[in-house]
Amino acid sequence: MSEGIYLDNNATTMVDPKVVDAMMPYFTEQFGNPSSMHSFGDKVGRALKQARKQIQQLIGAEHDSEIVFTSCGTESDSTAILSALKAQPDRKKIITTNVEHPAVLALCDYLKKEGYKIHHLHVDEKGRLDLEEYEELLDSRTAVVSVMWANNETGTIFPVEKMAEMAHEKGVMFHTDAVQAVGKIPIDLKATKIDLLSISGHKLHAPKGIGVLYLRRGTRFRPLLRGGHQERGRRAGTENTASIVGLGKAAELALESIEHENTFVKSLRDRLEKGILEAIPNCFVTGDPDNRLPNTCNIAFEYIEGESILLMINKMGIAASSGSACTSGSLEPSHVMRAMDIPYTAAHGSVRFSLSRYNTLAEIDKVIEVMPAIVANLRKMSPYWGENGPVENPEEAFAPVYN
Amino acid sequence: MWDYSDTLKEHFFEPRNAGAIEDANAVGDVGSISCGDALRLTLKVNPETEVIEQAGFQTFGCGSAIASSSALTEIIKGKTVDEALTVSNQDIADFLDGMPPEKMHCSVMGREALQAAVANFRGEEWSDDHEEGALICKCFAIDAVMIEETVRANELRTVEEVTNYTKAGGGCSSCHEGIEEILTQVWAEKGEAIDFSQPSQPVTQPKPYAMTGFQRMKKIETTIEAIRPQLQRDHGDIELVDIDGRTIYVNMLGACKGCQLEAQTLAGVQQQLMEALGEFIKVVPASMRPQAEGAAS
Ligand SMILES: Cc1ncc(COP(=O)(O)O)c(C=O)c1O
């Protein structure tokens with residue numbers, strides 16, 4: 001992979017070599033079970049403690065015991081939402097948004113079948129929430145609000161701190177899926193009213209298959225997995241020690257480079273975006289450009305389809321992702337694009353570039369250089385595109401018989 | 001990343017016949033904008049011989065949509081209109097050395113564009129009656145609309161029956177939850193709840209009366225006749241060849257012939273025959289019939 005240009009860091013990230021180094025001993029000589037009484041387990045136990053502290057610092061948690069290790073972001077999301085329901089059996093309502101990750105959306109769809117009432121907050125054309133709609137929905141029947149901190153497709157940031165305050169005032173639990181936000185923007189949980197927060201290791205240069213659920217002290221909680229006393233009984237199962245140590249190290253590194261992320265990485269992202277918008281006609285940024293993660297830009301290329309673009313750029317060694325239906329094998333383009341009412345002819349052509357601190361200026365310039373020809377080439381094949389631009393009234397000029 | 005064949009990739013990166021034919025006399029526009037595919041096929045057909053002399057495509061779509069458009073134009077060039085109409089989705093997929101099941105609708109689109117273009121050439125109106133739903137069974141590429149229609153038409157109640165009728169769920173079985181959901185929904189509309197925790201109905205016990213040999217033969221024949229439309233939908237067919245006691249010999253035709261799902265389809269036919277006859281029988285390809293008489297197959 002080191003050969004290619006990797007701009008798909010919202011999908012997953014490379015494990016930082018320093019993280020790998022930190023983990024290695026925990027596969028071999030430090031193989032002990034942290035619960036054991038003997039010295040084999042003892043050292044591992046202390047390593048976990050340190051990792052907990054490192055994560056506590058990254059997210060500004062008040063206590064290190066508020067950090068619960070899980071197996072992934074999805075588990076953290078499920079644990080948080082199901083716990084809120086189990087702990088408050090009389091509350092049958094959940095408030096979430098239209099643009100959550102499937103880790104939340106699919107669970108909510110399932111809960112709906114079980115009889116829970118799910119309210120999906122709408123977003124406007126820039127992917128922003130309407131806090132008045134939210135305010136009206138908050139009531140004593142609401143078990144939990146689950147709203148993502150930053151959107152994985154567009155990078156758009158939601159005002160979760162404010163929303164948590166609003167929930168708190170009405171006595172409603174607040175969960176945020178911060179999988180995309182943690183490590184990319186500064187977070188100080190002790191200064192907020194957020195009760196539950198999900199983290200996934202592989203989005204911040206730690207391995208896949210490790211996550212964290214932040215659980216504010218005093219929040220009523222019911223575990224998803226019961227069994228041993230690991231994680232103070234809140235998440236049973238022998239700890240994934242090497243990965244926890246890795247996540248701790250990754251958290252430390254993320255905290256060190258958060259400034260860099262919001263200056264250097266952001267400037268690369270801006271350069272990429274500007275370069276593409278200037279060189280290519282009929283494309284636009286989706287989401288809220290004024291309020292988003294420093295590493296993400298999502299551009300919709302009209303009248304061509306995202307998977308085709310990805311295949312073309314992949315041939316040049318460039319990795320990105322798309323909200324087109326075809327990349328996921330579903331029939332609908334990304335629910336995030338649909339929620340923002342992006343027309344189908346553009347939604348299918350949306351491409352997400354997500355950077356990391358490993359990207360270089362040269363890489364970005366290379367992408368800016370190759371994109372125009374690729375887009376032009378695909379447009380030449382498109383029935384919506386004429387000699388020098390979209391055909392007049394594209395939607396009328398080409399009005400196929402639809403399935 | 002999709003597991004695309006090299007041929008498919010080659011047709012994507014180096015598409016044949018991309019662009020519109022200038023003086024086309026047959027144009028077919030089809031698509032499904034929600035699933036992100038749309039295709040305009042332009043043909044130049046010789047009005048005398050009805051031979052397709054030139055074919056061009058313009059596609060808004062993914063890698064396999066572009067590749068299957070390219071393949072389609074290559075396949076039909078030089079064919080007469082009538083010959084071209086016999087090209088099946090499977091032919092297009094085969095030309096590209098296969099296609100992931102999630103992508104089969106791309107080849108369907110190519111075929112429909114062809115039908116639309118031919119209709120245009122003949123001055124007819126083409127309307128599409130094919131509706132596409134979310135893919136449920138990935139092993140056999142069966143979508144929700146297909147399952148729902150079959151459940152309604154045949155009043156199916158169990159996952160097993162759905163598998164017998166549509167093949168869906170007959171592979172890895174991961175989609176059984178999805179099939180149960182469709183069954184639940186269809187029957188809920190009729191005001192009935194289905195309890196999947198009950199074991200599915202065993203094969204019907206032999207009926208108290210015995211059929212005569214002639215009645216039995218007739219029954220086998222009509223049962224197979226009833227199965228045919230379903231196979232024809234997939235561009236296949238079945239033919240009854242012989243009945244030898246409890247062994248029933250059939251020929252699989254068209255797309256069913258030699259297809260990977262042949263065994264699956266035979267099992268489905270067998271199941272339906274057993275239900276109709278109320279006895280245990282075996283359905284076997286005619287090629288396995290003892291050929292003592294030297295009968296033509
Ligand atoms: C916003 C968001 N939530 C949850 C997840 C799921 O995380 P994981 O893959 O660790 O289960 C992801 C990553 O795909 C994500 O982007």
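I began with two helices of chain A, H3 (residues 73–87) and H4 (residues 102–113), whose axes come within 9 Å and cross at roughly 40 degrees. The axes are lines fitted to C-alpha atoms, for helices over the stretch in contact, with angles from 0 to 180 degrees between N-to-C directions; helices (H or I, at least four residues) and strands (E, at least two) are DSSP runs numbered from the N terminus. H3(A) and H4(A) are therefore oblique to each other, a word kept for angles that are not under 35 (roughly parallel), over 145 (roughly antiparallel) or 65 to 115 degrees (roughly perpendicular).

I noted that this is a predicted model, in which local features need pLDDT of at least 70 and side-chain atom pairs count only at pLDDT 80 or more, while totals for chains, interfaces and linings use all residues. Residues are numbered from 1 along each chain as its sequence is written, and chains are lettered from A and ligands numbered from 1 in the order in which they are written.

I then looked up which residues meet: A:Gly73, A:Thr74, A:Asp77, A:Ser78 and A:Ile81 in H3(A) touch A:Ala103, A:Val104 and A:Leu107 in H4(A), contact being C-beta atoms, placed from the backbone, within 7 Å.

Around the ligand I found residues including A:Gly73, A:Thr74 and A:Ala103, where near means a C-beta atom, placed from the backbone, within 6 Å.

Lastly I traced an open, antiparallel sheet of four strands in the order S9-S10-S13-S12 (chain A), pairing requiring at least two DSSP bridges. Two bridges join S12(A) to S13(A) (residues 350–354), and A:Ser321 stands opposite A:Arg352 in S13(A).

How values were computed. Contact = placed C-beta atoms within 7 Å.
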